[in-house]
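Please take a moment with the sequence and the structure shown below, and keep both in view as you read.

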Amino acid sequence: MSFRLFDLNDAQLRAVKQTTGPVLILAGAGTGKTRTITARIAWMLSQGIDPRAILAVTFTNKAAEEMRERTAGMVSKEAAKLLTISTFHSLCVRLLRQDIAKLGGWKENFAIYDQGDSTGLLRRIIQRVAAKDEKLEPSAAQALISKAKNLGIDAPAGENAEQTLVGSVFARYQRELRQLNAVDFDDLLLLAVRLLREHPVVREKHRARWNYLMVDEFQDTNRLQLDLVRLLSAGTPPNVCVVGDDDQSIYSWRGADVSNILDFERHFPGATVVALEQNYRSTNHILNLANGVIRHNPRRRPKKLWSAFGDGEKPRLVAAPDEKAEADFLVAEIHGRQLNDGAAWRDFAVLFRTNAQFKPVEEALRERGVPYRLVGGKSFFDRREVKDALAWLGLLSNPADDLALLRALQAPPRGIGEATLERLLSHSAKAGRPLWESFADEAVLAEFPRRAREAIASFRTFLETWEARILAPLADQGALARQMLTETGFFEDLRKSCKTAEEADKREEAVREILRDLETARARGKSLQDFLDRLALRADRQEDENEGSGPADGVTLITLHAAKGLEFPQVYVAGVEEGLLPHDRSKQEGTLDEERRLFYVAVTRARERLTLLHCVARRRHGQALPRYPSSFLRELDPRHFERISFQAEMNKPATETSAKAGFARMRELLGK
């Protein structure tokens with residue numbers, strides 16, 4: 001196939017044409033990373049490389065879909081369909097669905113537990129094993145176990161590991177997951193790496209298929225993801241291309257290891273390194289401000305962003321008396337710019353280091369009637385009705401999933417009481433088997449009253465009947481699932497639990513959306529298991545960071561972490577203060593460099609205008625406490641920003657009166 005390389009700069013062109021051996025593309029913020037990746041894939045196909053030999057991996061379904069769509073616009077439809085473009089987690093599911101049985105203890109129809117499912121299982125385990133004087137929050141246990149798994153630890157290590165409460169909980173958690181034929185998100189990576197490492201035949205099978213490997217957002221990879229890339233890399237040298245920016249590595253708290261990209265040549269000797277520095281997003285004053293700050297990080301790959309868009313407006317630094325003045329200032333200015341410049345509300349974004357900073361700005365937006373959207377709210381997949389519906393569907397695929405079974409038994413209640421369930425759970429735990437098997441054990445059921453036995457038998461018969469119908473080869477799964485839920489009384493119970501008809505309609509529509517998605521998946525030849533895998537992976541927290549609640553044309557309120565990958569014409573960064581940015585924890589944890597990278601990410605979200613704000617005082621527990629400008633502000637190049645200072649207001653107590661006075665003075669000097 002023929003392919004023309006157009007609209008690429010020299011550095012992008014070098015990155016596109018280097019198709020063999022290890023390649024590191026250092027893609028600075030706004031430098032056309034996705035365009036370069038998709039052009040590289042298209043170029044490879046034009047050189048006769050089989051599309052089935054190409055594997056491209058990224059972090060979120062949204063990013064994978066964008067890469068897939070852009071590539072499809074550059075190559076033939078037939079070639080695009082043969083490419084493998086995947087997230088890390090969905091790639092691992094693909095590997096494990098084929099061969100997880102080789103690890104022992106799991107079957108190919110394993111369930112995938114999201115964070116809520118994992119926390120629920122841990123809560124039950126802690127209740128069983130903790131002594132009266134021992135306390136362990138399930139969320140804390142989940143975080144500790146996740147951290148261990150990201151380091152490659154799949155069970156407590158050491159002779160006395162299970163003597164501690166955490167060690168005992170970890171061990172039981174892993175055993176029960178295996179008994180339930182379930183894995184959590186961290187297991188997907190851990191077990192896939194173990195499968196490839198311990199089974200050379202499996203490893204060579206996948207290497208033989210994918211001769212060319214590309215990885216996006218490489219600065220966000222953890223140890224396991226690096227291991228996965230190395231295990232899948234075929235050839236000497238391997239044809240592996242990674243794309244990323246060490247200056248935007250901001251997820252160490254998730255296990256991301258910036259040394260993966262900094263030490264790329266050590267992991268893949270003889271690598272070609274190409275730096276993309278031409279920015280297609282921002283003006284040079286904004287970029288020079290960012291360059292001036294990030295150069296203070298001692299360990300980084302040198303690069304300097306520049307733009308052909310000219311200098312533009314200088315970013316501004318505003319000192320506000322307190323958080324109310326800060327909120328009033330930025331909301332009044334947004335309102336004024338929208339009226340005077342004709343800008344859309346969606347052109348504006350307010351960035352915060354912490355969720356606690358949102359409230360004053362929300363209140364100011366409401367007072368002025370300015371529409372806004374909050375990003376990072378409750379996930380669609382965290383809704384009770386969605387999790388309940390998915391529990392019923394999951395049981396059809398994997399009846400051994402205890403959490404799904406317990407959830408379905410209450411959605412709506414099936415006449416099996418808590419006391420009965422507790423005894424059944426106790427039997428299944430002692431026998432080391434799923435709860436579902438206890439439902440069919442006549443010796444166990446003989447201990448229960450006739451009414452309990454009948455309720456259990458009725459539920460089992462109901463589920464087995466629908467399992468046979470819905471999993472039949474040509475079944476209309478969406479329609480049948482809707483009929484099954486209707487017969488259970490699911491929708492009737494859901495509506496009864498709502499306070500208003502509007503709420504009931506909204507919650508019922510969420511379930512119907514899931515069922516429509518199932519119909520669409522079935523029409524595309526996907527199985528129920530495929531469908532559930534896709535939804536389970538979309539329930540990952542990372543998927544929902546950039547999803548917002550509120551009108552599409554509204555001012556965006558977003559945390560700095562969630563803003564990565566986004567851009568806005570006009571950006572306000574609130575609370576650029578010591579203790580917030582950099583955060584207090586960074587001094588104890590030694591993560592000041594990452595906080596500086598977070599500030600760099602915030603600055604480079606702006607396309608045209610950037611405003612940095614800090615307060616002289618903030619209220620905490622009703623008391624006005626002094627605040628100090630961020631140490632990062634001292635690193636700004638004075639040639640590339642202007643300071644708006646109000647010393648008189650800053651020297652006054654941070655009362656509502658002084659805040660209003662300071663805001664009025666700001667408005668006066670800004671000519672509003």
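Lys-324 is partly exposed, with a relative accessible area of 30%, where buried means under 20% relative accessible area, exposed over 50%, and partly exposed in between, using a 1.4 Å probe and protein chains only. This is a predicted model, in which local features need pLDDT of at least 70 and side-chain atom pairs count only at pLDDT 80 or more, while totals for chains, interfaces and linings use all residues. Residues are numbered from 1 along each chain as its sequence is written, and side-chain values use heavy atoms, with hydrogens and water left out.

The side chain of Lys-324 meets that of Asp-328 in a salt bridge, at 2.9 Å from N to O; a salt bridge is a side-chain nitrogen of Lys or Arg within 4 Å of a carboxyl oxygen of Asp or Glu. Asp-328, at 12% relative accessibility, counts as buried. Because Lys-324 and Asp-328 are four residues apart in helix H15 (residues 323-341), about one helical turn separates them. Helices (H or I, at least four residues) and strands (E, at least two) are DSSP runs, numbered from the N terminus.

Lys-149 counts as buried at 0% relative accessibility, and Asp-184 is buried at 4%. In a further salt bridge, between Lys-564 and Glu-217, the closest N and O atoms are 3.2 Å apart; Lys-564 lies in the loop between helix H27 (560-563) and strand S16 (568-573), and Glu-217 in the loop between strand S6 (212-215) and helix H11 (223-232), so the two tie together parts that are 347 residues apart in sequence. The whole structure holds 61 salt bridges, and a network of them links Glu-313, Arg-316, Glu-333, Arg-337, Asp-341 and Arg-609.

Turn now to strand S2 (residues 54-58), where five of five residues are buried. In a regular strand, side chains alternate between the two faces of the sheet. In S2 both faces are covered, with Ile-54, Ala-56 and Thr-58 buried on one side and Leu-55 and Val-57 on the other. S2 pairs with S6 in the parallel sense over four bridges, where pairing requires that DSSP finds at least two bridges between two strands. Val-57 has Val-215 in S6 as its bridge partner. Four bridges also join S2 to S3, again running parallel, and there Ala-56 stands opposite Ile-85.

As for H5 itself, nine of its 12 residues are buried, among them Phe-88, Leu-91 and Leu-95.
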